[in-house]
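Biologist: Can you walk me through this model? Keep it quick, please.

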Amino acid sequence: MTREVLVCVDGLRASAHAIPVGVALAEALDAGVHLVRVFDLSHDQLSSRAGMLGAGEAGDEARAAMRAELDAHAAAVSAAGVR
């Protein structure tokens, strides 16, 4: 049976404190860690009008920043020896 510990981060520095707790729990359960980051943009950034105003790329930039954040957290989880 595959076990996963779900660790949610929200971009705030304080949320990174959940990662060592998730790693410790995963180690105790012989489980992996699954990191989650919610991608949420306001309706204005997603509307067609926003695209005409040049704000359509805001979502791409935000997504790339979130991906980089998750990659850094994933590296820390891997460095701890947890999948």
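Modeller: First a cut-off: buried means under 20% relative accessible area, exposed over 50%, partly exposed in between (1.4 Å probe, protein chains only). Buried residues make up 25% of the protein's 83 residues. This is a predicted model: local features need pLDDT of at least 70, side-chain atom pairs count only at pLDDT 80 or more, and totals for chains, interfaces and linings use all residues. Residues are numbered from 1 along each chain as its sequence is written, and side-chain values use heavy atoms, with hydrogens and water left out.

Biologist: What is the secondary structure pattern along the sequence?

Modeller: The pattern reads β-α-β-α-α-α. That comes to four helices and two strands. Helices (H or I, at least four residues) and strands (E, at least two) are DSSP runs, numbered from the N terminus.

Biologist: Which residues form the largest nonpolar core?

Modeller: There are twelve, among them Val5, Val7, Val9, Ile19, Leu35 and Leu70. At least two core residues come from each of β1 (4-9), α1 (18-29), β2 (32-37) and α4 (58-79). A nonpolar core here is a set of buried Ala, Val, Leu, Ile, Met, Phe, Trp, Tyr and Cys residues joined through side-chain atoms within 4.5 Å.

Biologist: Take Val5. What does Val5 touch?

Modeller: Skipping residues up to four places away in sequence, Val5 touches Gly22, Leu25, Ala26, Leu29, Ala31, Gly32, Val33 and His34. Contact means heavy atoms within 4.5 Å.

Biologist: New topic. How many salt bridges does the structure hold?

Modeller: Two. The cut-off is a side-chain nitrogen of Lys or Arg within 4 Å of a carboxyl oxygen of Asp or Glu. One pairs Glu69 with Arg37, with the closest N and O atoms 3.0 Å apart. This pair links distant parts of the chain: Glu69 sits in helix α4 and Arg37 in strand β2, 32 residues apart.

Biologist: Is Glu69 buried or exposed?

Modeller: Buried, at 18% relative accessible area. Arg37 is partly exposed, at 22%.

Biologist: What else is Glu69 in contact with?

Modeller: Leaving aside neighbours within four places in sequence, Glu69 contacts Val9 and Gly11 as well as Arg37.

Biologist: And which residues make the other bridge?

Modeller: Asp71 and Arg67, through their side chains, at 3.1 Å from N to O. They are four residues apart in helix α4, so about one helical turn separates them. Asp71 is partly exposed at 40% relative accessibility. Arg67 is partly exposed too, at 48%.
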